[in-house]
Amino acid sequence: MSETPTNASTSKVIRNDPWFGSYAARAEAMRASEIRALFAVASRPEVVSLAGGMPYLDYMPFAELSELIAKMMVDKGDVAWQYGSAQGDPHLREDVLQIMELEGINDVQPDDVVITNGSQNALDLITRIMCDPGDVVLAEAPNYVGALGVFQSFQVDVVNVQLDKDGLIPESFENAIVEQRALGKRVKFLYTVPNFHNPAGVTLSVERRPRILEIARRHHVLIVEDNPYGLLGFDGQTYPALRSMDAENVVYLSSFSKIIAPGMRIAWMVAPPGIRHKLVLANEASILCPSNMSQFTITTYLDNFDWRRQINDYRGMYKGRCEAMDSALREYLPYCSWNKPRGGFYIWLKIPEGLDSRAMLPRAITAKVAYVAGTGFYTNGEGSDHMRLSFCYPKPERIQEGIRRLASVIDAERQTAELFGTSGASDPHPHDSEVPGPQVI
Ligand SMILES: Cc1ncc(COP(=O)(O)O)c(C=O)c1O
């Protein structure tokens with residue numbers, strides 16, 4: 001990858017850092033952002049970004065909401081601006097019950113819920129209380145990069161479990177448990193995104209769900225079910241949450257980020273009592289308490305607006321954008337392969353043999369289109385034959401134009417590969433020691 005100004009400044013910081021050599025081993029495992037390195041260029045208006053997982057917020061009723069928030073501040077500003085409970089605001093913990101009911105979870109009490117600063121904070125808390133360095137977390141491959149970042153920062157060994165078009169493969173899950181235990185490893189949990197997976201776009205089939213739970217129970221392995229996209233099925237379809245079938249072996253995570261908006265940084269977890277108790281203690285140690293102001297803003301929204309209708313509007317919009325991407329791919333890149341998702345934000349595109357999505361990225365940026373290279377979704381260097389394309393943020397016409405530009409880059413790379421046997425980059429990952437892996441949402 002050619003050096004961007006951001007990479008150059010990263011190298012300079014590393015060279016001049018007087019504390020180099022003093023950091024904890026866990027900080028060594030922390031990774032700089034590959035996409036952030038390209039972000040300054042990728043976020044210029046002339047670049048079509050198919051990279052980020054940012055929800056499209058133009059449908060939010062901001063004007064009406066701001067009046068209600070102003071009133072809330074007058075009525076209870078002294079509480080909103082005060083410290084709160086480490087477990088989260090009781091009113092919000094009550095409100096999230098109705099959201100979970102939409103996916104079949106109807107046995108939860110407010111006391112079972114812990115509010116967090118986004119699901120990213122929830123992933124940090126569950127890993128913090130469960131994992132010591134060297135412990136194993138089983139995770140789908142490819143995997144959500146934000147989760148990989150957390151696991152790496154706790155020096156956890158991430159072991160891949162295979163996915164196919166019906167989601168996590170139960171046999172692969174069971175084999176991984178058996179193999180890791182035979183090696184003497186402590187398998188702490190399975191991390192899974194069952195619905196509209198980030199980045200793979202696939203959904204765990206209803207038939208596989210009880211099988212995954214049965215394997216987890218039989219081997220006494222906890223499941224961490226991360227479900228930010230479950231209500232974004234394009235046809236309004238929902239799938240029974242794993243948590244709805246098993247209250248004892250599942251820690252459930254969901255978030256307002258994709259179904260409403262991410263800026264308040266509010267999400268929630270549901271866990272069995274012993275784990276929940278530790279999560280609250282860990283939340284207290286980490287952040288004291290989630291922001292009252294953010295939580296009250298979310299409850300103000302939930303209590304005064306038809307959020308079900310709003311989620312429905314989002315679904316329709318994302319469905320249109322997914323259709324636009326799918327048809328542009330069929331028109332411009334018919335020789336690539338992908339699974340058309342039934343919800344969520346992402347298409348996981350397989351590019352022709354011999355091409356390297358990471359090496360190609362600067363050339364795509366030059367052609368004014370951005371994506372996330374597949375290598376970011378693995379810890380073992382795999383994924384260069386894939387890229388993640390997000391259809392959530394750009395409008396359909398921009399998506400169409402973005403795919404047209406992407407196709408011009410892939411076509412040129414293919415021709416180079418046919419002539420020289422590789423896609424042209426002599427050293428595709430020259431900055432591995434400095435910028436080893438991406439962090440993207
Ligand atoms: C699978 C998955 N989990 C968690 C998150 C983090 O969400 P939050 O904004 O709630 O921290 C994301 C964000 O993209 C995600 O895709």
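Modeller: Domain bounds, as used here, come from an automatic or database domain assignment. The model is a predicted one, in which local features need pLDDT of at least 70 and side-chain atom pairs count only at pLDDT 80 or more, while totals for chains, interfaces and linings use all residues. Residues are numbered from 1 along each chain as its sequence is written.

Colleague: How far apart do the C-alpha centres of domain 1 and domain 2 lie?

Modeller: The assignment gives domain 1 as 30–58 + 310–419 and domain 2 as 71–304. Between the C-alpha centres of these two domains the distance is 26 Å.

Colleague: How many residues of domain 2 are in contact with domain 1?

Modeller: Two residues are in contact if their C-beta atoms, placed from the backbone, lie within 7 Å. On this criterion, domain 1 contributes 28 residues, and their partners in domain 2 number 29.

Colleague: Which element gives the most to the side of domain 1 that touches domain 2?

Modeller: Helices (H or I, at least four residues) and strands (E, at least two) are DSSP runs, numbered from the N terminus. The elements giving two or more residues to this side are β10 (346–350) and α13. With 7 residues, the element that gives the most is α13.

Colleague: How many residues of helix α14 are buried?

Modeller: Helix α14 spans residues 357–366 and is mostly covered. Its buried residues include Arg-358, Met-360 and Ala-364.

Colleague: Which helix supplies the largest share of the shell around the ligand?

Modeller: A residue is near a molecule if its C-beta atom, placed from the backbone, lies within 6 Å of it. The ligand is surrounded by 15 residues, the closest being Gly-118, Ser-119, Gln-120, Ser-255 and Ser-257. The largest share, 3 residues, is supplied by residues 118–130, helix α6.

Notes:
Buried ≥ 20, exposed ≤ 12 C-beta atoms within 10 Å, placed from the backbone.
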